[in-house]
Amino acid sequence: MHTNHARTFCALVRRDLYVLRGAFVKSFLDGILILLTQVVITRYFFPYLGMPQELIAPLYIGTVVMMLIHQNFSLSIENLLDLQSERIIEYRLILPITPPWLMASYITRWILRMMVTTSPLIILGALLLGPAFPLTNIQPGLFVVIYLLSALLFATYFLASSFAYSYDWFINNFWPRRLDPILTFSAFLFPWYRITDVCWWAGVISLANPVTYVAEGCRATLIANTNYLNPLLCIAILSGACIVGAYWLLSSMYKRLDPV
Amino acid sequence: MNSSYRVLCAFLHRDVYILRKHLGMHALNVCILGPTFSAFIFGYLQPRILVAHMPHNLGAIMAVGSILIALLEMSFRPALAFILDLRGDRFVEYQTVLVRPYLVIFERIIFSSLVTFVMACPFFVVVKLLLGSEFDTSATSWPLVILMLFFSSLMIAAYHILAACLITTDDGTERLWMRFNVPLLALGGFVLPWYIMYGAVPWLGYLDLLNPMLYITEGLRRALFGSPNFFAVTPCVIMLLTFTAIFTYAAIVRFKQRIDHV
């Protein structure tokens with residue numbers, strides 16, 4: 001029985017990989033324009049204003065996190081449109097696969113798409129930022145773990161949201177009423193220690209936000225600096241948030257689709 | 001009144017009637033939540049984090065750029081409805097039986113720009129209330145701010161309606177934001193005014209003069225702070241009107257192709 005589920009899961013992922021291969025250039029182009037814009041802003045504009053050189057790399061990493069959020073928002077809309085009109089998901093539900101395995105295939109597809117768009121952003125961005133983003137200090141093992149956990153976290157929560165909310169509510173309210181507060185009180189744009197220096201209570205609130213650990217974990221593993229939150233703490237918090245997210249995803253999916 | 005224009009007014013009335021149900025929701029999102037978060041991030045946190053000794057009014061100058069998000073988001077909603085209609089029910093084809101295609105496009109642009117303008121009006125009032133003395137309005141010309149907001153809404157509505165006429169694929173809206181809206185926004189004075197961009201990278205400063213979003217932020221900053229560092233309002237309005245005309249014309253041409261108009 002479990003072999004059947006795994007085989008269907010693999011077939012779905014293989015199909016997604018095939019589709020993704022065809023859309024690789026498009027996804028790459030999507031990321032490259034934002035990459036160039038952000039490199040110019042963080043490397044030239046902000047330092048001209050008087051920003052210290054040490055903030056260039058952490059600010060740039062914030063942009064990559066923003067890209068992940070933006071992409072997941074678009075993927076949620078795709079899922080909502082499917083739930084509203086075509087309902088391809090119903091065809092997938094009749095395949096020899098259980099709903100949790102099906103959700104796992106969705107999450108895998110979303111993570112793969114995130115990797116295609118953001119990997120060039122990280123690698124090319126670091127190269128273009130030059131000495132402001134020294135590649136010698138990277139902790140690759142820890143970074144990969146944090147990156148995958150972050151992608152899993154975003155995929156789980158955004159997919160769960162697309163089941164939990166209606167299309168109209170999501171389109172009109174999700175960004176201003178859910179994402180804006182989450183992004184405002186997180187350390188995704190600026191390093192956490194700088195936020196705490198400027199406004200201590202915003203720093204305290206952002207510690208309760210998993211997005212803070214996404215950004216800080218990436219910063220801590222890509223840039224050698226002791227000011228960022230400990231990567232192991234980030235891994236622990238992100239793992240816990242992923243488990244909560246998975247539970248929310250399954251319950252909202254069961255409520256919306258009511259599979260037998 | 002010509003019957004075509006009477007039908008046009010009826011269409012406009014219908015759109016306003018439908019919108020009325022969601023007006024409270026949009027007002028809360030765009031008039032209160034949007035400026036509140038923008039004022040905190042871009043007006044308060046960002047300047048303090050980036051610059052050790054913050055110059056006077058820098059927070060306010062940075063916060064002004066965030067109006068672009070509100071304008072883009074608000075004008076995108078009618079455009080998205082237009083995209084879905086063109087790809088689904090095609091109610092618009094019924095409209096073109098009653099009035100000429102260019103009038104249908106005019107109606108969409110007028111409706112979208114009016115909604116965007118009304119929603120954008122309280123933006124700076126809320127930002128001022130939150131930033132207090134850091135948002136110095138002693139040199140503000142409010143009539144010019146209103147004028148700039150009106151022409152900005154008109155241009156951005158025409159831009160999004162053109163985009164709606166051009167988008168034909170499922171992932172078109174995602175592409176629109178990733179390849180056009182986000183880069184145009186980021187280099188359109190959202191983060192910093194033009195004189196800083198020009199000072200940092202002069203050739204990019206000149207290239208950026210082709211960016212329609214730039215004239216929104218520059219004109220608004222001039223009207224709000226009166227500083228000669230920003231472009232004067234008159235050339236900004238002229239540029240916004242020029243871009244509006246170009247986008248409207250292109251939208252009409254593309255729309256006629258989409259509905260196969262004879």
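**The fold and the contact between the chains**

Guide: In chain A, 79% of the contacts with a separation of 6 or more are between residues 24 or more positions apart. This is a predicted model, and the values that follow are computed from it.

Chain A has 11 helices and zero strands; read along the sequence, its pattern is α-α-α-α-α-α-α-α-α-α-α. The C-alpha trace of chain A spans about 60 × 40 × 35 Å along its principal axes. For 260 residues, a compact globule would have a radius of gyration near 18 Å, and the 19 Å of chain A therefore agrees with that expectation. Of the 260 residues in chain A, 41% are buried, a residue being counted as buried if 20 or more other C-beta atoms lie within 10 Å of its own.

We may now turn to the part requested. Where the chains meet, 27 residues of chain A are in contact with 30 residues of chain B. On the side of chain B that touches chain A, at least two residues each come from helix H2 (23-50), helix H9 (172-190) and helix H10 (194-200) of chain B. H2(B) gives the most to this side, with 11 residues. Sorted by class, the side of chain B that touches chain A has 22 nonpolar residues, together with four polar and four charged ones.

Terms used:
Residues numbered from 1 in each chain as written. Chains lettered and ligands numbered in written order. Predicted model: local features only at pLDDT ≥ 70, side-chain atom pairs only at ≥ 80, totals over all residues. Contact = placed C-beta atoms within 7 Å. Helix = DSSP H or I, 4+ residues; strand = E, 2+ residues; numbered from the N terminus. Nonpolar A, V, L, I, M, F, W, Y, C, P; charged D, E, K, R; others polar. Rg over C-alpha atoms; globule rule 2.2 N^0.38 Å. Buried ≥ 20, exposed ≤ 12 C-beta atoms within 10 Å, placed from the backbone.
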